[in-house]
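Here is a short briefing on packing, aromatic pairs and pocket lining. Keep the structure open while reading.

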Amino acid sequence: MAVLAGVLAVAAPLSAQQRDAINPFAVELLEAHNDAREDVGVPPLAWSSRLAQEAHDWAQHLARQGRMVHAERSLRNGSGENLWMGHAGYYSAGTMVDGFIAERRHFRNGTFPQVSTTGDWRDVGHYTQVIWRDTRELGCAVARGETYDFLVCRYFPAGNVYNRRAY
């Protein structure tokens, strides 16, 4: 299990000192998110140790359960959540986040939930959370279960808000 924690006061680009504040896996997660955000012209995210701790707690829960289930909104303190799972030890942070970003192929910039070319916002919901303009902070954690690694990313404030545009 890896716990991704630390505090970044500035979102990006990361200085050497900021890179030292969080572990390399967390840096890769943050940079992958911010690269996707830069592609659509929205401000970068800052790393949040509070969100990382909350993500850690939920990732541990998922690893114990051995299945992926979103935390109830009441347990998320106003944050959004993206989940990913894959066979333990095989995937880089960038590959994990690429799973969220790959949904871009179905995205159309409209008013939520009218944001997918398929007609179902769930086909792009991870991606829209990554690029949601009003989101400012990110914290993620990975926990290893018997077979799978579970990535939990928390976003504050939450995206995917009805009747608002992603960016």
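Contact here means heavy atoms within 4.5 Å. The model is a predicted one.

**Thr 135**
- Thr 135 sits in the loop that joins helix 5 (125–131) to strand 3 (137–144).
- Its relative accessibility is 0%, so Thr 135 counts as buried; the cut-off for buried is under 20%.
- Beyond residues up to four places away in sequence, Thr 135 touches Arg 37, Leu 45, Gln 129, Tyr 155, Phe 156, Pro 157, Ala 158 and Gly 159.

**Nonpolar cores**
- In soluble globular proteins, nonpolar side chains tend to be buried together.
- The largest nonpolar core holds 33 residues. Trp 47, Phe 100, Ile 131, Leu 138 and Leu 151 have the most contacts inside it.
- At least two residues of this core come from each of helix 2 (24–40), helix 4 (93–101), helix 5, strand 3 and strand 4 (148–156).
- Helix 2 gives the largest share of this core, 7 residues.
- Ile 131 is in contact with Ala 36, Arg 37, Val 40, Val 42, Phe 107, Ala 166 and Tyr 167, leaving aside neighbours within four places in sequence.
- A second core is separate and has 11 residues, among them Ala 55, Ala 141, Ala 143 and Val 152.

**Rings and charge**
- The whole structure contains 7 aromatic pairs.
- The ring planes of Tyr 148 and Phe 150 meet at 75 degrees, with centres 6.5 Å apart, so this pair is edge-to-face. Planes over 60 degrees apart count as edge-to-face.
- Tyr 148 has 27% relative accessibility and therefore counts as partly exposed.
- Phe 150 has 1% relative accessibility and therefore counts as buried.
- Phe 112, Trp 121, Trp 132 and Tyr 162 form a cluster linked by ring pairs.
- Arg 50 places its charged end over the ring of Phe 156, 5.4 Å from the ring centre.

**Largest pocket**
- Strand 2 (80–87) and helix 5 each supply at least two residues of the lining.

**Where topics meet**
- Phe 156 is touched by Thr 135, and the ring of Phe 156 lies under the charged end of Arg 50.

Note on methods. Residues are numbered from 1 along each chain as its sequence is written. This is a predicted model: local features need pLDDT of at least 70, side-chain atom pairs count only at pLDDT 80 or more; totals for chains, interfaces and linings use all residues. Side-chain values use heavy atoms; hydrogens and water are left out. Helices (H or I, at least four residues) and strands (E, at least two) are DSSP runs, numbered from the N terminus. Buried means under 20% relative accessible area, exposed over 50%, partly exposed in between (1.4 Å probe, protein chains only). Rings of Phe, Tyr and Trp (its six-membered ring) pair if their centres lie within 6.5 Å; planes under 30 degrees apart count as stacked, over 60 as edge-to-face and the rest as tilted. A charge sits over a ring if NZ of Lys or CZ of Arg is within 6 Å of the ring centre and within 35 degrees of the ring normal. A nonpolar core is a set of buried Ala, Val, Leu, Ile, Met, Phe, Trp, Tyr and Cys residues joined through side-chain atoms within 4.5 Å.
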